[in-house]
Amino acid sequence: MSLGNHFRVFVCVVFMGILVGYVFNAKKDVTDNVYIDSVKEGYLVDFTDVKVRDAFNYAFTEPYWRYYEAKTGQHVVELSGDIVFLEEKGHAILQFVVNEEANEFKLFAMKFNDEVLDSQQKGTLIGMVYETWEMKQLAYQ
């Protein structure tokens, strides 16, 4: 192999290393974040005896948490995962808006199978999540 080929291989390896490092760090910034921790370790208003993380880890299949800053400047934590809701298996997405100054958050929006849920549907889904957690706790006692 000529010196030119060695140089090209070296450049390609360095470039790939930089690319992999960038992708890994970008993903970590989105999925490992103080705002995500705040929501996971927090409580919803009507369910102050169970952390959000605990309830949704029982109800969702492979829950996935991510953070982003909205165009409005709001800090948004998004939780997604598969769940059975109203006897239909599907994919749910919940968005929490975090108030940095008050160290609190609120449930902002929710979708199930790409349909935005209204207030009543949101309440039903959240109630079901916490009922699932409670039933599983009783089963383990």
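Guide: Buried means under 20% relative accessible area, exposed means over 50%, and partly exposed lies in between (1.4 Å probe, protein chains only). This is a predicted model, in which local features need pLDDT of at least 70, side-chain atom pairs count only at pLDDT 80 or more, and totals for chains, interfaces and linings use all residues. Residues are numbered from 1 along each chain as its sequence is written, and side-chain values use heavy atoms, with hydrogens and water left out.

Visitor: Why is Glu 41 called partly exposed?

Guide: Glu 41 has a relative accessible area of 33%, which falls between the cut-offs, so the residue is partly exposed.

Visitor: What makes the pair Glu 41 and Lys 51 a salt bridge?

Guide: A salt bridge requires a side-chain nitrogen of Lys or Arg within 4 Å of a carboxyl oxygen of Asp or Glu. The closest N and O atoms of Glu 41 and Lys 51 are 2.8 Å apart, so the pair qualifies.

Visitor: Why is Glu 78 called buried?

Guide: Glu 78 has 12% relative accessibility, which is under 20%, so the residue counts as buried. Glu 78 meets Arg 66 in a salt bridge of 3.0 Å, N to O. Arg 66, at 29%, is partly exposed.

Visitor: How many salt bridges does the rule give?

Guide: The count comes to 3 salt bridges.
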